[in-house]
Amino acid sequence: METQRMKLINIKSDSLPLDLIIEILKRLTVKTLIRFLSVSKLWASTIRSRDFMKLFLNVSLTRQKGLLFLLRHGYCGLVPSPKTHETSSFTAFRVSCYSPQWSTVSPSVHGLICYAQATRLVIYNPCTRRSITLPEIDTWRRPIRYYLGYDPLENGYKVLCAMLGGTHDSVKEFRVLTVGTENSWKMITENNITPHAPFGHALCISGVLFYQAFTGTKMNDLVIMCFDVRSEKLYHIKGPSVFLRRLCSKVISYEGKLAVVFYENNFRLCVLEDAAKEEWSTKTFVLSKIVPAIKWYISKSWVTETDTGEAITVPQFLHASVFNDLVYFDMKTSSKKTVYIRVNTEGNKGYYVESVSSNLVENLMFL
């Protein structure tokens, strides 16, 4: 049946206007588009074109985002739009260019992730299961932190590498590489970059990479470092005044704005209202009223956030062949919802969750 359908599409595709073909293709899934590469040369060239990839990504960004699970031993799992169903399932698959350690995986940026493989960095697309390996970077045995950013105007990705050193593992130099168009790393030579020690994951919003860092004479003042992906300029803004070193904090997107969320008995959310004036608003959500064991939830689970104001707790271990519960805490309405997911795998094998991202979108890069 599938072969007959493909033949029928092949016969009719030559008579369709190109704009109609594009209108049809942009509504399909990545999995279907990969199959449709063999329909005709016109369809293949259209799907692989840079303009269509950008159009498809823009459409994907308007859809409900899914969950991306990075699992121990190099496995990965995708759950599209889990909140729209009470139950979902996924089949874990092995990642190409597998790295034994997931500890340095960057958060998903419009569907792509970046991770270390020996002395090189790999950009991987879980939707197409294709990857590219970046040129080696001479680190002189220094530790590095790397961040993946996206430029929406040029529809391009860049990787920012921070070379660390010294007592506080502060940044000694930066290098940047444009994915797919450059064969060597460029050094950022600005002399006015604030001395700082980065920590935590980064976040890319509207073409700007954000990550937290300590600065000051004792490296105990919080700032948010900002990297403009297109101009490759670095600057910083002052962090929220409520920051306490003992709290677990994370940069997130909240209704399209940069925010920092703090976890303790409750959730405290600081939203950047005015970057120029460095003004933050603060909201506290007493989730213990909803879930008395909220501290236990956080200690036994991975926590991720959506840009619509929800915190999601995910079990640290996903059991196979049974439904595992994901709890959504809505910080606006102070309510919760439970979604159940099941891992499809052979036997009774389960998976330890190394990290989870709630902003998965379909992307055609690296078809």
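In this predicted model, the accessible surface of the chain comes to about 18200 Å², and 51% of that surface belongs to carbon and sulfur atoms. Of the 367 residues of the chain, 50% count as buried. The secondary structure comprises 6 helices and 25 strands. Among the contacts in the chain with a separation of 6 or more, 49% are accounted for by residues 24 or more positions apart.

Strand E22 is joined by 2 bridges to strand E25, formed by residues 351-360, and the two run antiparallel. Within this pairing, Leu318 stands opposite Tyr351 of E25.

A further antiparallel pairing is found between strand E14, residues 221-228, and strand E15, residues 233-238, which are connected over 6 bridges. Here Met225 has His236 of E15 standing opposite. The two strands make up a hairpin with 4 residues between them, and in this hairpin Glu232 takes a positive phi near 60°.

In general terms, side chains of opposite charge can pair when their charged atoms come close. A search of the whole structure finds 11 salt bridges, one of which is formed by the side chains of Glu154 and Arg230, with a distance of 2.9 Å from N to O. Because Glu154 lies in the loop between strand E8 (144-151) and strand E9 (156-165), while Arg230 lies in the loop between E14 and E15, the pair ties together parts that are 76 residues apart in sequence. Glu154 has a relative accessible area of 41% and is therefore partly exposed, and Arg230, with a relative accessible area of 46%, is likewise classed as partly exposed.

The side chains of Arg175 and Glu173 form a salt bridge in which the closest N and O atoms are 3.0 Å apart. Arg175 has a relative accessible area of 11%, and since buried means under 20%, Arg175 counts as buried. Glu173, at 15% relative accessibility, counts as buried as well.

Asn155, which is found in the loop between E8 and E9, has a positive phi of about 55° although it is not a glycine. Asp169, found in the loop between E9 and E10, has a positive phi of about 50° and is not a glycine either. With a relative accessible area of 40%, Asp169 is partly exposed.

Ser170 belongs to strand E10, which spans residues 170-178. At 12% relative accessibility Ser170 counts as buried. When residues up to four places away in sequence are not counted, Ser170 touches Met163, Leu164, Gly165, His196, Ala197 and Met219.

Finally, Phe267 is found in strand E18, made up of residues 267-274, and is buried, with a relative accessible area of 1%. The C-alpha atoms of Phe267 and Thr284 are separated by 5.9 Å, although the two residues are 17 residues apart along the chain.

Notes. Residues numbered from 1 in each chain as written. Predicted model: local features only at pLDDT ≥ 70, side-chain atom pairs only at ≥ 80, totals over all residues. Heavy atoms only, no water. Pairing = 2+ DSSP bridges. Buried < 20%, exposed > 50% of the residue type's maximum accessible area, 1.4 Å probe, protein only. Contact = heavy atoms within 4.5 Å. Areas by Shrake-Rupley, 256 points an atom, 1.4 Å probe, with all protein chains shown as cover. Salt bridge = Lys/Arg side-chain N within 4 Å of Asp/Glu carboxyl O.
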